[in-house]
Amino acid sequence: MNSQNTKVIILGGGTAGWITANLMATHWRDKGFEITLVESPDIGIIGVGEGSTPSLKGFMETIGVSEAEWMPHCNATYKVGITFKDWSIKPGFSEYVHPFVGQPDQFNIPAFFHNSFLRRKGIDLEGHPDHFFLATEMIRQKLSPVAPENFPFDIAYGYHFDSGLLGQFLRRVAEGKGVNYKAATVAGAMLDTQGNIDHLKTTDGEVLKADLYVDSSGFRGSLIQQSLNVPFISSAESLFNDSAVVFATDQEKDYAAHTISAAMKYGWVWKIPLTHRNGNGYVYSSNFIDDDKAETEFRAYLGLLDSDVEARRLKFKVGRVAQHWVKNCLAVGLSQGFIEPLEATALDMVQETVVRFIEAYNNGHYTDQFRDDFNHRISARFDAVRDYIVGHYRISSRTDTDYWIANTTNEKISPSLRSILMSWMAGKNITDELLEQKLDTYFPDTSWNCLLAGKGLYPNREQLRPGSDLAHKYKIEDIREFNRRCALNFKLHRDQLLTLQQS
Ligand SMILES: Cc1cc2nc3c(=O)[nH]c(=O)nc-3n(C[C@H](O)[C@H](O)[C@H](O)COP(=O)(O)OP(=O)(O)OC[C@H]3O[C@@H](n4cnc5c(N)ncnc54)[C@H](O)[C@@H]3O)c2cc1C
């Protein structure tokens, strides 16, 4: 089989659909694919999802779009990490920055690992991640992560953006690459005798036919879940949140390049800075608090109890489909699953799914030869992300509500996560544990160390003893000075965004 005249229909024009369209149009340029994105004029997009990981930078580079082109259009800002607040009540650990790790950090990671390793063994060393990473200094000084040419190290960063505007922008780029757009609501899919999708039927009775169908229809999973009946594997027993209430608030004059994630009584809230507003959302479990009370708690937190600013309420389900590529259908985005937004990993999963699919499809000469391998790989990634997110809840030291008690005593965690946590608690090197479980490519050891150390998962202060000179071989003042001097190279976040707008 070759690619000539292969027709692809992408169902859904949310961020997932447009990322898919751009990646396919870029990778399959000049290969004879005809790509059409079909979107209902009546069904909206979810309209949240405004934070990314560094992989979005790679995506923009792949499709040939510069920051100056896309960021001002999408009111985008930079993101060097996430500041977690109030997830821990351990003294000294009420807050920490979870950094995106760049090349300069490689100088100080050995010190962080050394200190946190020995602190777990009871030596009184500084083990809080905030002392070791450049991102923390950048957030403190409200700097942008864009390095000048004469700073010879890569800095890892992601973005915040208006998801509606990003979709519109990506649509223009995709159309420029030859992707067709069709406004129509799909009523259903007809299967052939082999169980493949033969065609889609719109509510106007039109027949839409393709060789390959991408389901990016959002939580409803119109093709993968409804037509092809692929089972959904829920993660609700380890991730309790199923609801969100969302507000926009005014932007402050200066803002740092980070998402803030603050734990609440029944979940957590995000604050995402865009150039024109802040996006705020409270993610909570409806089994522990009802929607009205959650909104009131959130309004009180934001100082909006007397304000008539409008709130949006959302429901979501956590988990994934059993297979992402079935017959001639690939599921991408919320249709394939969702592991709540704590680490803003959903778009990263979209990219990974599409890039790996293109790779598998190409390697199999446009057949499904590598489908099982692909499905296994994407499911493993979902499960690794799930475990990392579950880790945040399981190791919290909060016990102030039944919600937190249920999370911190939850025994329904995966054997993989249990093993990582036991390894840490036993004072072992968790790098070995991650390697053994082949998990090091998802969240690397530095991420796990930051998570566990940042939440203060150490012996209590009164149990610590001084330790030898060798134990104290790294000086925190030297590390701080290194990061301070690196930070001298970066502009203020606000100024860098202005430069982009003016370019
Ligand atoms: C509370 C919350 C917070 C989140 N935060 C983040 C975050 O910070 N970072 C992150 O990466 N992700 C986040 N996400 C996930 C993110 O929102 C989604 O991954 C992203 O928006 C992609 O959504 P989608 O394109 O899959 O679906 P949607 O945006 O729902 O788009 C579905 C599309 O399908 C179309 N459609 C549906 N049915 C039909 C039909 N029958 N016929 C024709 N068209 C149809 C609709 O018109 C629409 O265009 C968050 C999600 C939630 C719920």
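In which sense, left-handed or right-handed, does H10 pass H14? The points below begin with this pair; the model under discussion is a predicted one.

1. Handedness of the H10 and H14 pair. The crossing in which H10 passes H14 is right-handed. The axes of these two helices lie 10 Å apart, and the packing angle is about 15 degrees. Since angles under 35 degrees count as roughly parallel, H10 is therefore roughly parallel to H14.

2. Residues joining H10 and H14. From H10, the contact draws on Asp-387, Tyr-388 and His-392, while H14 supplies Ser-447, Trp-448 and Leu-451. By class, the residues of this contact comprise 3 nonpolar, 2 polar and 1 charged.

3. The second largest pocket. Its volume is about 510 Å³. The lining consists of 24 residues, and those closest to the pocket centre are Pro-54, Phe-100, Tyr-442, Pro-444 and Ser-447. Ser-447 also belongs to the contact between H10 and H14. Two or more lining residues are given by each of strand E5 (95-99), helix H10 (371-394) and helix H14 (445-454). The largest share, 3 residues, is that of H10. Sorted by class, the lining of this pocket holds 11 nonpolar, 9 polar and 4 charged residues.

4. Cavities. The model has 4 cavities of 30 Å³ or more. The lining of the largest cavity divides into 8 nonpolar, 4 polar and 1 charged residues.

5. The H1 and H6 pair. Helix H1 (residues 15-27) and helix H6 (residues 163-176) have axes that come within 9 Å and cross at roughly 25 degrees. The two helices are therefore roughly parallel to each other. The crossing of H1 past H6 is left-handed, whereas that of H10 past H14 is right-handed.

6. Residues joining H1 and H6. On the H1 side are Thr-15, Trp-18, Ile-19, Ala-21 and Asn-22, which meet Ser-163, Leu-166, Gly-167, Leu-170, Arg-171, Val-173 and Ala-174 of H6. The contact of H1 with H6 contains 7 nonpolar, 4 polar and 1 charged residues.

Key:
Residues numbered from 1 in each chain as written. Predicted model: local features only at pLDDT ≥ 70, side-chain atom pairs only at ≥ 80, totals over all residues. Heavy atoms only, no water. Axes fitted to C-alpha atoms, helices over the stretch in contact; angles between N-to-C directions. Helix = DSSP H or I, 4+ residues; strand = E, 2+ residues; numbered from the N terminus. Parallel < 35°, antiparallel > 145°, perpendicular 65-115°, else oblique. Left-handed = near helix turned anticlockwise from the far one by under 90°. Contact = heavy atoms within 4.5 Å. Nonpolar A, V, L, I, M, F, W, Y, C, P; charged D, E, K, R; others polar. 1 Å grid on protein atoms, 1.4 Å probe; cavity = no way out; pocket = protein on both sides within 12 Å on 5 of 7 lines; lining within 4 Å. Points joined across faces, edges and corners; volume = space filled by probe spheres on them.
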